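Reader: I have a structure open and would like to learn how to read it. Could you walk me through it?

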Protein chains: 2
Amino acid sequence: MSGQPDFFAVVRSQRAHRAFGDDPVPDELVERLLETATYAPSAENTQPWVFIVVRDPVAREQIGELNRRAWEGGGRDFSRPRLSPRMFAKVEAGATGGVADAPVLIVVCGDTSSCVETVLESSVWPAVQNLLLGAHALGLGSALTTITTVFGDELRSLLTLPDHIRPLAVVPLGWPAAQLGPPKRDPVAEKTFREHYGEPWAR
Amino acid sequence: MSGQPDFFAVVRSQRAHRAFGDDPVPDELVERLLETATYAPSAENTQPWVFIVVRDPVAREQIGELNRRAWEGGGRDFSRPRLSPRMFAKVEAGATGGVADAPVLIVVCGDTSSCVETVLESSVWPAVQNLLLGAHALGLGSALTTITTVFGDELRSLLTLPDHIRPLAVVPLGWPAAQLGPPKRDPVAEKTFREHYGEPWAR
């Protein structure tokens, strides 16, 4: 998408990308997306997000290795019966290679010294969603991945994170290897109730 | 905003609204925003969000009362030294009245039977952010509030939530009583590092 991308068109076509081309993503675009992230709300405007932008191929490979270990050490067996064969294949390809092949990995962390722990996640994930949507608005591909945080200590060591900085997500960023169709979602009426749980939304 | 709102313009001007006019918000708009929410990503596309749309004035008053109790029972003393006097006054007005005065409260919950608990929040907050952005794109005001979940059991009882449905947020929705200026955020360079923590983003 270029020019002034329509808000609802961006939202309705967002997909998780796990395969990327080799074209570089310049710092200017990364910074524009991080700025987009920071416009998200947070508890008392504490803005407890911290971003580590990883381009170094060795570091990306090490993060990819954590991803693989987490996948092979439990994620795969957990996911196989829960996903369609097609989606399982995509997630497997991403976990064992594709995600770390992105030219940029943005490790999103939460600063536990900025706010109480109970509101840390509600104060960081909206910023991550802004980042993902912004990437899509610019034609970049990205995904929200959290599996690497199973090895939080290793990630912490790799990125020299102090104790108060908690890694929450690894967002790969790159130009998509393929265009993806629209997302598949359950209808609103299956997820929504009127006044109290159990009372159907659809009249 | 009307017509085709520009994605980046929507994101850059999102603010938390805590004061609303009396004009109604029709079901069609609520449903459009909930659909917007559902396009967000979730772990393995489990879509563990559940929305309770509360319009009943008595129920809104009861939720407002929980909000007040949580604020007066701890939130106020916690927030006072941390906020500017101006922001404190706004949050206080919202907690003690404004939020529950919105014509619609959307209680956003997570279905703990849909996914593992560790990814529940990362699978619900992006949808909430979509909802807030979508509201703003349509000219509606909203806010992400979580303080009421301090009284999760009371909220659960009020909305007849079964054990596996966890209330996470109360999002007031209405036409803004006032237009708000741009959000204030720390620069990207203060929140971002290169390759590892401590290495400045700015070159």
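Author: Gladly! Let's begin with sheets: two strands pair if DSSP finds at least two bridges between them. Strands (E, at least two residues) and helices (H or I, at least four) are DSSP runs, numbered from the N terminus. This is a predicted model, in which local features need pLDDT of at least 70 and side-chain atom pairs count only at pLDDT 80 or more, while totals for chains, interfaces and linings use all residues. Residues are numbered from 1 along each chain as its sequence is written, and chains are lettered from A and ligands numbered from 1 in the order in which they are written.

Reader: In what order do the five strands of the open sheet come?

Author: The order is 3(A)-4(A)-2(A)-1(A)-5(B), with mixed pairing. Strand 3 (141–142) of chain A and strand 5 (192–194) of chain B stand at the edges, each with a single partner strand, so one side of each is left without a neighbour in the sheet.

Reader: How many bridges join strand 1 of chain A to strand 5 of chain B?

Author: Three, and these two strands run parallel. One pair to find is A:Val53 with its bridge partner B:Arg194. Within chain A, strand 2 (residues 104–111) and strand 4 (residues 165–174) pair in the antiparallel sense over eight bridges; there, A:Leu105 has A:Pro172 as its bridge partner.

Reader: How do I describe two packed helices?

Author: Two packed helices are described by the angle between their axes and the distance between the axes. Axes are lines fitted to C-alpha atoms, for helices over the stretch in contact, and angles run from 0 to 180 degrees between N-to-C directions. Here helix 5 (residues 125–137) of chain A packs against helix 5 (residues 125–137) of chain B at an angle of about 70°, with the axes 8 Å apart. The two helices are therefore roughly perpendicular to each other (65 to 115 degrees).

Reader: How many residues of chain A are in contact with chain B?

Author: Two residues are in contact if their C-beta atoms, placed from the backbone, lie within 7 Å. By that rule, 63 residues of chain A touch 63 residues of chain B. Helix 5 of chain A gives the most to that side of chain A, with eight residues.

Reader: What rotation superposes chain A on chain B?

Author: A rotation of 180° with 0.0 Å of shift along its axis does so, at an RMSD of 0.0 Å (by least squares on the C-alpha atoms of residues with pLDDT of at least 70 in both copies). That is the relation of a two-fold axis. Of the residues of chain A, A:Phe7 comes closest to the rotation axis, at 2.0 Å (C-alpha).

Key. Parallel < 35°, antiparallel > 145°, perpendicular 65-115°, else oblique.
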